[in-house]
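Thanks for making time this morning. I would like to walk through one model slowly, with the structure on the screen while I talk.

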Amino acid sequence: VPDVLETVRRFQADPPAPSDAAVARAAARLRAEIAGKPPRRRRRRRLALALVPVALVAAGAGYALHEPARVDVGPACGSEGKIWPRGMTVLAPDSGDPVAACAALWRKGEVMGDVTRHGEPPELTACVAPTGAVIVLPGGGAGFCERAGGSDLPPGYRERRERFAALYAAFRARFGMASPTFECMTDHASAGRAARRILEEHGFGDWRIETSPEPTGGSCAAVSLDEPRKTATVTVHP
Amino acid sequence: MSTPASDGEVIAGSVREPEAFVAIFERHFREIHRYLARRVGAELADDLAAEAFAEAFRVRGGYRPLTADARPWLYGIAANLLFKHRRGEARRLRALARTRPDAAHDDADGALDRVAAAALAPRVAAALRALEPRDREVLLLFAWAELGYAEIAVALAIPVGTVRSRLNRARAQVRRELGDEEEPGTLAGMSGPAEGAARA
C-alpha cells in the first residue's frame, strides 16, 4: 500500500520562498496595524476569533452523524439564516449564553461573512446543525431551525453548556499560558493528575484522560477537551 | 542566559506592548507563507500571509494558548483566510490536475523522486481537489504544516476525535484515488526497489 501521506507531502513540496520585497511589505503591513494605521483596503469584516468558518459546524462529525442527539458545546454565530452560512464566528465554550454573545458580535459587526453593518442585531435563534454543532442564526419563529436545515436545541442544553463552560474555564486557568494561575507542567503524569483533579472537581469524573504522542511544539503540557467523546487529551513535548 | 519568551508570553505581552508582536512575525512568517504558497501559489500567498499576521495582531487579545507555541493559532487564521479563497484553490488544483507530467525536463542528478513526483502530481492534485474542504484542511495541516492532532484541533476549533476521523477519511479517499492504480514507477514505487517489491 503506498504511503498516502508521504505522497501528499511530496506534492508541491518546494514552493518559492517569499521574496525580500514580499516580506518587507508584510512587515510594513503589520507595523501599520501596530501603529493603528491599517491600509485603507482593510476589510470592514473582522474576525472575532481566529478560527475557521464551518469548522465548528463539522465538529463532532463522526459522532453526531450517528448520534444526532449529541450537541457540541462551543457555539458559533452565523451570518445568515441557514445552517451552512457563508460566514461564521466561533465562540469560546465559556462565552456565556450563545444568543447574547452572538448579539454582542452583531452589534460590533464582527460576525463573519457578508455582515458589514453595526447596530442592533436581528432576531437570533440558536439551532443545532446535523453535525451536532450549535449555531446562532438570524431569524426566528416556529419551525425556523428546521427550515434553516437544523433542529431546535434539545432540552437541557443550557445546563450542559454551563457545566462544560466551567470545566473549560478551569482548564484554561491551569493550562492556558495567558492565565495568571498558569502552571507549566512538563510530564504526562503531573499534567494528567492535574487534569483528573479538574475533571472531578467539576463533576466530569466519567471522562477519560488520554495522552497524545504528538508534541505541543513547546515545553509545557497542553490539554484539549473532546466533549462528545468525554475525553481530555494531555499533550507534552517529548 | 535567559530563556526566550514563548509565543504565548510574547502575545500576552503584546496586548500592552503592541510592538512585541513583531517577534511573532519574525518567528513564523516564512513558515506560514510556505504553507499558503503550497495551497494557493506564491503570489496570493504574499497577500494572505501578510493579512494573516495583521489579523493575528488584531485578534491577539483573544489568543488562548492551549498549545505552547502560536503555530496552531496562526495556521487557524491562515486556514480561515484560505477558506475565503477556496474557489481559487480549487481552480489551481484543477489546473495542476490537467498539467501533463513533463519529467523529461527534470533530468538533474538524483532526480528520481522529483521525476516520480512530477508524474504523480496531476493525480495528487485531482485527489486533493476531490476532498471535502474540511477534510482537505485537516490532511494538509497534518502533511504540510506538520501539526499534530491536538494542534490541528486547536487550529480548527474541533475535537481531537474529529481531527482523527477527518484525517482517516481524507487518507482513505486519496488512497482510493491513487493507491489502487499505483504501480512501481509512480512516486511510491520509485522511492526504492524494496518498496516496489513489497507492493507487488
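This is a predicted model: local features need pLDDT of at least 70, side-chain atom pairs count only at pLDDT 80 or more; totals for chains, interfaces and linings use all residues.

**Chain B, a cavity and some helix pairs**

In chain B, 55% of the 200 residues are buried, where buried means under 20% relative accessible area, exposed means over 50%, and partly exposed lies in between, with a 1.4 Å probe and protein chains only. Residues are numbered from 1 along each chain as its sequence is written, chains are lettered from A and ligands numbered from 1 in the order in which they are written, and side-chain values use heavy atoms, with hydrogens and water left out.

Chain B has 11 helices and 0 strands, counting as helices the DSSP runs of H or I with at least four residues and as strands the E runs of at least two, numbered from the N terminus.

Let me turn to the empty space inside. Rolling a probe the size of a water molecule over the atoms shows where such space is left. Here a cavity is a set of points, on a 1 Å grid over the protein atoms alone, where a 1.4 Å probe fits but cannot get out, and lining residues have an atom within 4 Å of a point. Grid points are joined across faces, edges and corners, and a volume is the space filled by probe spheres set on the points. By that rule there are 4 cavities of 30 Å³ or more, and the second largest cavity holds about 50 Å³.

Which residues line the second largest cavity? Chain A gives Phe11(A) and Gln12(A), and from chain B come, among them, Arg38(B), Glu89(B), Leu128(B) and Trp144(B). The elements that give two or more residues to this lining are helix H2 (22–40), helix H5 (86–98) and helix H7 (133–143) of chain B, and H5(B) provides the largest share, 3 residues. By class, the lining has 5 nonpolar, 1 polar and 5 charged residues; nonpolar covers Ala, Val, Leu, Ile, Met, Phe, Trp, Tyr, Cys and Pro, charged covers Asp, Glu, Lys and Arg, and the others, Gly among them, are polar.

Gln12(A), one of those lining residues, sits in the loop between helix H1 (4–10) and helix H2 (20–34) of chain A. Although Gln12(A) is not a glycine, its phi is positive, about 55°, and at 24% relative accessibility the residue counts as partly exposed. Glu146(B), in the loop between H7 and helix H8 (149–156) of chain B, also has a positive phi, near 60°, and is exposed at 59%.

Finally, the helix pair between the chains: the axes of H2(A) and H2(B) come within 11 Å and cross at roughly 150°, the axes being lines fitted to C-alpha atoms over the stretch in contact, with angles from 0 to 180 degrees between N-to-C directions. H2(A) and H2(B) are therefore roughly antiparallel, since angles over 145 degrees count as such, under 35 as roughly parallel, 65 to 115 as roughly perpendicular and the rest as oblique.

How values were computed. On a 1 Å grid over the protein atoms alone, a cavity is a set of points where a 1.4 Å probe fits but cannot get out, and a pocket is an open set with protein on both sides within 12 Å along at least five of seven lines; lining residues have an atom within 4 Å of a point.
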